[in-house]
Amino acid sequence: MANILLVEDDTTFSLILENFLKKKGHTVQICHTLKTGLKSLEQNTYDLLLLDYRLPDGNGLEVMSTAREKTPNIPSIIMTSFHDVRTAVRAIRSGAYDFITKPVNPDELEMVLNEALNRKQSAPEIQKKAEVSTFIQGSSLESKKLQNYIELVGPTDMSVIIQGESGTGKEYVANSIHKASKRAERPFVAIDCGSLSRELSASELFGHVKGAFTGALLDKKGQFEAADGGTLFLDEIGNLSYEVQIQLLRAIQERVIQPIGSNKQIKVDVRIIAATNDDLLNSVSRGEFREDLYHRLNEFKIHVPALRNREHDLQVFLYHFINLANAELDRNVKTLSTEVATIFQTYDWPGNLRELKNVIKRMVLLTRGEEAGIESLPDEMIASLNQVPKPSGTDLKALNEANEKELIKETLRKVRYNKTQAAKLLNIDRTTLYNKMEKYQIE
């Protein structure tokens, strides 16, 4: 079974988790702070990270980031008490495998752990292709427009930039373009550039020879060679370092690559499809992305709409994922309660299709009968819909209080809930800060 690093500041909760995980056959190393978690990573190798989001001296994403420099494909699961799915989206964008909220449901934790460990054992290309299958084509005007673009650009050899929020199905679009091309019988190789460390990204793309750098014990073929004759999909391309961008531009223009540490140039024939959840033009203007590379990639641009802008597709996606989860979890969910249906329609789905799939899988897991009730939904979804909207109109006092509350919450997040630092930034004393937190019911 797996060797798991658990970083959790609540000692009682960490012991409960340790007992549960050991009963499932795993070995567990517990740390209670960011500092001790990072030290444990230096001394040991782990199969999976189970991380509290908020730690006394930092947050779980810092542990995850350090771990991935050593082991790029290590899966991380983030836990938090904050009922805010936007935190989950940020964690997943940073490379977390999944996100669960406290109190942790044992069945849900076991399901997510097993999925993460099974995914780790697969090759990266297989992992990525598995994600492609979670997308289903909708019937809205937005979906039809997207499909038309795929059919239009697919048969060409043009480079494509796919733009859209995290979780919208950008890789599905890339894979569909590949299948519609003359390269369909050749490899489709997908790389998550966000998961590549600065030191290893060039090696992953272009390969290296034995002895090229510390740890290069054998020759390695890069993904450009692996994709020769086919399509190379570069997800979150904006994360590549400036130096690697130069090498990438040369590879695209001259159709040759040079493995690290080698004098040999290798010819490659690869179609490039890139994806980003940000507008690369913004990165160009900030000097973070090469303008010449941007224009070389941007022969055709496709925007994948967010789920909240595809309300006519929601029912199609909803029952598709319910059917998948029923088959996988041996459940028989057929309908949603009126309350659940209303929440699904009014929720804004910041995590898009990926979030929808995960929410439905959890819902089906927790539903024993044929109708899913509100108790099967994540707390953060319900909490987000119960938030009191900001006041409007000319009530100056109410507006000022709403703005003050948001400023305090944002400042606390910025300093990782260090109240002394927050009071200093807000230019008030700690007593005043505590009083205002109590007044506005800020945890």
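Predicted model: local features only at pLDDT ≥ 70, side-chain atom pairs only at ≥ 80, totals over all residues.

Let me start with helices H14 and H16, whose crossing is right-handed, a term used when the near helix is turned clockwise from the far one by less than a right angle, the anticlockwise case being left-handed. Residues are numbered from 1 along each chain as its sequence is written, and side-chain values use heavy atoms, with hydrogens and water left out.

The axes of H14 (residues 314-329) and H16 (residues 352-365) come within 9 Å and cross at roughly 45 degrees; axes here are lines fitted to C-alpha atoms, for helices over the stretch in contact, and angles run from 0 to 180 degrees between N-to-C directions. The two helices are therefore oblique to each other, the word for whatever is left once angles under 35 degrees count as roughly parallel, over 145 as roughly antiparallel and 65 to 115 as roughly perpendicular. Contact, meaning heavy atoms within 4.5 Å, is made by residues including Phe317 and Phe321 of H14 and Leu356 and Ile360 of H16.

Now the sheet. Which order do its strands take? This open sheet of 5 strands runs E9-E10-E13-E8-E14, with parallel pairing, where two strands pair if DSSP finds at least two bridges between them, and where helices (H or I, at least four residues) and strands (E, at least two) are DSSP runs numbered from the N terminus. Strands E9 (188-192) and E14 (300-303) stand at the edges with a single partner strand each, so one side of each is left without a neighbour in the sheet. On average, neighbouring strands are turned by 20 degrees against each other, direction ignored.

Strand E8 (residues 160-163) is joined to E14 by 4 bridges; Val160 stands opposite Phe300, and Gln163 has His303 as its bridge partner. Helix H7 (residues 141-153) packs on the sheet, touching E8, E13 and E14, and its direction makes about 155 degrees with that of E14. Helix H8 (residues 170-179) lies across E8, E9, E10, E13 and E14, at about 150 degrees to E8.

Finally, E14 has a covered face, formed by Phe300 and Ile302, and an uncovered one, formed by Lys301 and His303. In a regular strand the side chains alternate between the two faces of the sheet.

Conventions
Buried < 20%, exposed > 50% of the residue type's maximum accessible area, 1.4 Å probe, protein only.
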